[in-house]
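Hi everyone, thanks for coming. Please bring up the sequence and the model, and let's walk through a few places together.

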Amino acid sequence: MNAIIISAFLGVVMMFASWSIKGENKQKNIALFGLIILILANLAQLNGWYVADIDTKNMLSFTRFGLYTNTLFYCLTFIYIWINGEEISKIGNHVADFYALFFFILCGASILTSFDNLLMLFIGIEILSIPLYILTGSDKKSLFSNEAAIKYFLMGSFSTGVLLLGITFIYGATGSFKLMPPDASIQYEQFMFSGGLILIFAAMNFKVSAAPFHFWTPDVYDGAPTVFTSFMATIAKSAGFIAFINIYLVQYKAFEKTWVIILPLGIVSTLLVGNVTAVFQRSVKRMLTYSSIAQAGFMLFALYGTSNFANEGILLYIVVYSLASIGIFAVLIKMKENSFEAFHGLAKTHPLLAFLTTVFLCSLAGIPITGGFFAKYYMINAVLIAGAGIWLVVVAMIFASISVYYYFKLIQAMYFVPGTPAIGELDKSYTYKLAVIAILILVLGVFPNLLFNYLYF
Amino acid sequence: MPIQYYIYLCLALFSIGVTGVLTRRNAIVVFMCIELMLNAVNLLLVAFSKMFHGYALIENATSTTGIDAQIFVFFIMVVAAAEVSVGLAIIVMMYRNTHSVDINFLNRLKN
């Protein structure tokens with residue numbers, strides 16, 4: 001509750017800061033300070049201290065897992081703003097507005113980690129998506145940004161309509177919006193109940209960009225300003241995943257027989273589309289958007305089980321994937337163009353930057369001693385514990401090895417192709433900030449337990 | 001009136017909305033069709049609310065069952081209004097750059 005109230009409040013504060021406080025650096029510092037307050041308030045709630053003790057009538061339920069996920073989202077946003085602050089201020093005239101939108105997105109994300117009612121699911125998803133439409137279109141003069149925004153907006157509200165129809169059908173069948181496992185003793189209206197479940201499943205798949213509802217992702221991520229792509233592909237998407245897992249484990253688990261076909265189909269097609277299409281991309285940004293679809297396929301494995309491996313795995317996956325993506329997008333921002341050619345010979349001129357990029361790419365590909373390895377290991381172990389069948393694991397491994405190809409294509413471009421990199425101005429401090437991310441990834445790759453200790457005590 | 005009539009009506013409205021989104025090329029018309037989808041859902045929610053309320057009244061004359069669906073409708077309206085404000089702003093922004101609201105124009109990102 002603390003986080004939801006304070007993030008919404010901080011959003012309003014940032015809107016006021018937009019005209020009352022001059023100076024982009026100052027506004028960025030206010031945003032960072034606000035995030036620290038948010039993290040502290042959320043930790044306070046973990047220890048039983050409330051800003052306002054509100055009876056939510058069981059519409060929200062605050063679990064330790066949800067609150068801890070919130071903390072991770074805020075920390076990731078902190079790192080994101082800390083690194084990309086200067087880039088954000090190059091877009092548009094009013095930087096503080098973007099920070100306000102980030103806080104509203106975080107408010108939506110905090111609702112999505114704790115909803116216990118389909119109404120709150122809907123509200124959370126909308127609070128999360130509407131600021132994202134604005135962020136996508138924030139580069140007002142660029143036609144690409146416009147196109148991405150309008151596509152995202154039209155498809156996003158279309159999927160909202162589908163989600164609402166699904167919720168309504170479930171209400172029609174059960175007479176309640178509460179998130180609960182279906183009661184075996186009651187004979188529900190079969191058409192409406194299963195229809196509702198399928199519609200919600202489709203809409204949630206759309207929100208997390210899983211195949212066959214991924215078609216918007218490449219265009220939107222490609223057209224949006226790169227700084228905001230970095231945010232959309234990491235934190236906003238992860239919040240969608242937490243909501244999806246939340247609703248799936250409660251409402252769908254009872255029908256495991258039906259979903260035993262649909263879920264693996266969705267996962268395999270997501271992995272297929274993401275990995276195979278990424279191989280053929282000539283733009284690094286577009287390759288990364290397809291790779292984010294492919295990573296979504298791995299994250300969907302968390303739907304399989306309630307085991308510790310699934311819970312811990314999704315958290316580790318979110319953190320490691322977000323860190324690596326924020327890092328690689330931060331490198332891409334500094335490039336003058338998005339093609340692979342821009343990276344030629346980067347290792348000669350900027351050895352440290354090239355090394356850090358290699359760490360991020362290895363983590364995305366899941367090479368050991370980077371965090372990505374344990375993230376993939378946990379997810380696959382969760383599937384095995386849930387008993388979903390060894391073939392799914394084999395398929396996942398094959399696609400993971402395909403992903404190595406296109407990630408290493410970039411490493412090859414940096415180290416083994418001579419040329420002059422098309423890189424813009426680069427501060428020393430910027431590289432060191434990226435080094436902090438790389439160190440975090442390496443630490444999580446050796447001691448993944450560091451992340452989970454707090455989950456239980 | 002049986003609830004089936006409402007369900008058929010709402011599904012028909014929703015399908016009209018979906019068809020419009022898939023076939024029309026004018027961004028504003030597409031947008032109106034999305035609103036139509038949302039309003040079809042609103043109508044269905046109110047119908048279900050009335051139905052559950054009717055069932056509950058048989059057992060308890062002062063029951064408030066079904067009121068949550070009507071509150072949900074208000075939430076949908078508010079969120080739809082927020083979406084309209086953002087959506088129209090995006091469409092205006094597109095119009096300023098391209099002097100058209102035709103979404104066929106939007107195919108630059110493909111290659």
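Let's begin with one residue, Met299(A), which touches Phe241(A), Ile314(A) and Tyr317(A), not counting residues up to four places away in sequence. By "touch" or "contact" I mean that the C-beta atoms of two residues, placed from the backbone, lie within 7 Å. Before going on, please keep in mind that this is a predicted model, where local features need pLDDT of at least 70, side-chain atom pairs count only at pLDDT 80 or more, and totals for chains, interfaces and linings use all residues. Residues are numbered from 1 along each chain as its sequence is written, while chains are lettered from A and ligands numbered from 1 in the order in which they are written.

Back to Met299(A), which sits in helix α11 (residues 284-299) of chain A. Helices here are DSSP runs (H or I, at least four residues; strands are E, at least two), numbered from the N terminus. Is Met299(A) buried or exposed? Met299(A) is buried, because 26 other C-beta atoms lie within 10 Å. The rule is this: 20 or more other C-beta atoms within 10 Å of a residue's own make it buried, 12 or fewer make it exposed, and anything in between is partly exposed, with C-beta atoms placed from the backbone.

Take Ala302(A): leaving aside neighbours within four places in sequence, its contacts are Ile245(A), Ala310(A), Gly313(A), Ile314(A), Met379(A) and Ala382(A).

Now for some helix pairs. Look at α2 (residues 24-46) and α4 (residues 95-112) of chain A, whose axes come within 9 Å and cross at roughly 15 degrees. Axes are lines fitted to C-alpha atoms, for helices over the stretch in contact, and angles run from 0 to 180 degrees between N-to-C directions. So α2(A) and α4(A) are roughly parallel to each other. Angles under 35 degrees count as roughly parallel, over 145 as roughly antiparallel, 65 to 115 as roughly perpendicular and the rest as oblique. On the α2(A) side you will find Glu24(A), Gln27(A), Ala31(A) and Gly34(A), which meet Val95(A), Ala96(A), Tyr99(A) and Phe103(A) of α4(A). These residues split into five nonpolar, two polar and one charged. For that count, Ala, Val, Leu, Ile, Met, Phe, Trp, Tyr, Cys and Pro are nonpolar, Asp, Glu, Lys and Arg are charged, and the others, Gly among them, are polar.

How do α14 (residues 351-365) and α16 (residues 390-415) of chain A cross? Their axes come within 9 Å at roughly 175 degrees, so α14(A) and α16(A) are roughly antiparallel. Among the residues making this contact are Leu361(A) and Leu364(A) of α14(A) and Tyr407(A) and Leu410(A) of α16(A). The contact divides into ten nonpolar, three polar and no charged residues.

While we are at α4 of chain A, that helix also holds Ser110(A). Ser110(A) counts as buried because it has 32 C-beta neighbours inside 10 Å.

Next, a few backbone details. Most residues other than glycine have a negative phi, and most peptide bonds are trans. Lys57(A), though not a glycine, has a positive phi of about 55 degrees, and it lies in the loop between α2 and α3 (64-88) of chain A. Lys57(A) is exposed, with 9 other C-beta atoms within 10 Å. Ile369(A) also has a positive phi, near 65 degrees. The peptide bond from Ala211(A) to Pro212(A) is cis, with omega near 0 degrees.

Finally, where do the two chains meet? The contact takes 31 residues from chain B and 31 from chain A. On the chain B side, α3(B) gives the most, with 15 residues. That side of chain B divides into 26 nonpolar, two polar and three charged residues.
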